[in-house]
Amino acid sequence: MKKNLTIIFIIFLGISHNLISQNKNITINFKRNSDNSVDFNYEKKLPGSFYVSLEFISLSNTYNKKFHKVVKNNSGRLFRLEPMNKEQPINFSYKYSYVQGIPNPKVDNLFTYTLPFKKGRNITILESKNLNETYFGSEKPSKWKSYVINRAYSDTVCSMRKGTVVKIVNEFNTDTVTQYSYKSKMNSILIEHTDGTFASYSGFKKNSFFVKLGQTVYPQSQLGSLDAFNNSIYRLYFNIYYLINTGLNSKKKITLKEQKSNNEFLTPYFYTTNGAQQLKDRNDYIIDFNKTVFFQEFTKREKKKYSKNSELFN
């Protein structure tokens, strides 16, 4: 369901040109120094990790250079070009691209998640089909696994793991008229975890979110309320994935059928009253967790704060 968006910019520059980019997420600029070296810097407007690639189309008076880096801070220096002839400026044009995530991170496949509702809830798990494959004939993402939980009321969705809120979609109003078999436009939250995985949650009511961009959340932190899917049904879609293909060399336009996902999906372990287990389609579970699961990524300071006031972590 989730697909990373790769953005490509081509910048043509002369000796005295300045870089002006309208990139909403990442802006790359440069500064010429008095010794004719050139510093390339970035500014990032959204939280989370982005893989940035910069390649020179033309380059003179310096060494040919390609640059790839994962950036996490809001701003910083990427690299410096040094002139071969220090009396002459460096001339160049370049293109750069970015995609959200860390390519091929080291993922703990045995990590135990909490399920995305409050402890004690009874739920039925349904496995979700990939919409692009089902309706447009595109290739299924690697190791595709996504889940659906239906509720009879607007239940509160909770975080499954400690992480950072890196994207919130809060655009779509409740539709009580149309009967859907699926929806491509849903309000959602994306949370990045420390190991480079992402948790995607889709199906929120507009303006029901309890968290903000850049906020750290914890297992069982309240994220928002479910929206009506088909009148009496309130539905959550969720999955966990990570970046495996940067897709930075794609230049031509492609059809929906030709699209390939940059992501690989996990079949995680979730904690229930029967312990940690992988979920099965159409099976019923009771949400549970223990101290080991709940605190497994807390720092010592966070544990101390939790013991004093657990409501700060809701």
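Reader: Where is the place of Arg282?

Author: In this predicted model, Arg282 is found in the loop that runs between β21 (275–278) and β22 (283–286).

Reader: Buried or exposed, that Arg282?

Author: Arg282 is exposed, and its relative accessible area is 64%.

Reader: And what is the phi of Arg282?

Author: The phi of Arg282 is near 65°, which is a positive value in a residue other than glycine. As background, most residues other than glycine have a negative phi. Asn104 also has a positive phi, of about 50°, although it is not a glycine, and Asn104 is placed in the loop between β7 and β8 (112–114).

Reader: Let's step back a bit. How many helices and strands does the chain come to?

Author: The secondary structure amounts to three helices and 22 strands. The chain has 314 residues, and 49% of them are buried.

Reader: What share of the contacts comes from residues 24 or more positions apart?

Author: Among contacts in the chain with a separation of 6 or more, 70% are between residues 24 or more positions apart.

Reader: OK, on to the core. Which residues touch the most other members of the largest nonpolar core?

Author: That core has 30 residues, and those touching the most other members are Tyr201, Leu223, Phe238 and Phe270. Two or more residues each are given to this core by β9 (122–127), β10 (147–151), β13 (187–192), β14 (198–204) and β18 (233–243), and the largest share, four residues, is that of β18. Another core, of 20 residues, lies apart from this one, and Phe67, Val71, Ile90 and Tyr96 are among its members.

Reader: What is Phe238 in contact with, leaving aside its neighbours within four places in sequence?

Author: With those neighbours left aside, Phe238 contacts Leu115, Pro116, Ile125, Ser146, Tyr147, Ile149, Met160, Ser200 and Phe270.

Reader: And Ile123, what does that one touch?

Author: Not counting residues up to four places away in sequence, Ile123 touches Leu115, Phe117, Ile149, Arg151, Asn283, Asp284, Tyr285 and Ile287. Ile123 belongs to strand β9, and it counts as buried because its relative accessibility is 3%, where the limit for buried is under 20%. Between the C-alpha atoms of Ile123 and Ile286 there are 6.3 Å in space, although the two residues are 163 residues apart in sequence.

Reader: Switching to rings, how many aromatic pairs are there?

Author: The count comes to 34 aromatic pairs. One of them is formed by Phe50 and Tyr98, an edge-to-face pair at 5.6 Å centre to centre with 70° between the planes. This pair links distant parts of the chain, with Phe50 in strand β4 (residues 50–60) and Tyr98 in strand β7 (residues 91–100), 48 residues apart. Phe50 is buried at 3% relative accessibility, and Tyr98 is buried at 4%.

Reader: Which residues do ring pairs link into a cluster?

Author: The cluster consists of Phe30, Phe40, Phe56, Phe67, Phe79, Phe92, Tyr94 and Tyr96, linked by ring pairs.

Reader: What about charges, which ring does Arg161 lie over?

Author: Arg161 lies over the face of Phe111, 3.7 Å from the ring centre. Arg161 also forms a salt bridge with Asp195, at 3.2 Å from N to O. Arg161 counts as buried at 3% relative accessibility, and Asp195 is buried with a relative accessible area of 13%.

Reader: How many salt bridges does the structure hold?

Author: There are twelve salt bridges. One of them joins Asp39 and Arg77, whose closest N and O atoms are 3.5 Å apart, and it connects strand β3 (residues 38–44), which holds Asp39, with strand β6 (residues 75–81), which holds Arg77, the two being 38 residues apart.

Key: Residues are numbered from 1 along each chain as its sequence is written. This is a predicted model: local features need pLDDT of at least 70, side-chain atom pairs count only at pLDDT 80 or more; totals for chains, interfaces and linings use all residues. Side-chain values use heavy atoms; hydrogens and water are left out. A nonpolar core is a set of buried Ala, Val, Leu, Ile, Met, Phe, Trp, Tyr and Cys residues joined through side-chain atoms within 4.5 Å. Buried means under 20% relative accessible area, exposed over 50%, partly exposed in between (1.4 Å probe, protein chains only). Contact means heavy atoms within 4.5 Å. Rings of Phe, Tyr and Trp (its six-membered ring) pair if their centres lie within 6.5 Å; planes under 30 degrees apart count as stacked, over 60 as edge-to-face and the rest as tilted. A charge sits over a ring if NZ of Lys or CZ of Arg is within 6 Å of the ring centre and within 35 degrees of the ring normal. A salt bridge is a side-chain nitrogen of Lys or Arg within 4 Å of a carboxyl oxygen of Asp or Glu.
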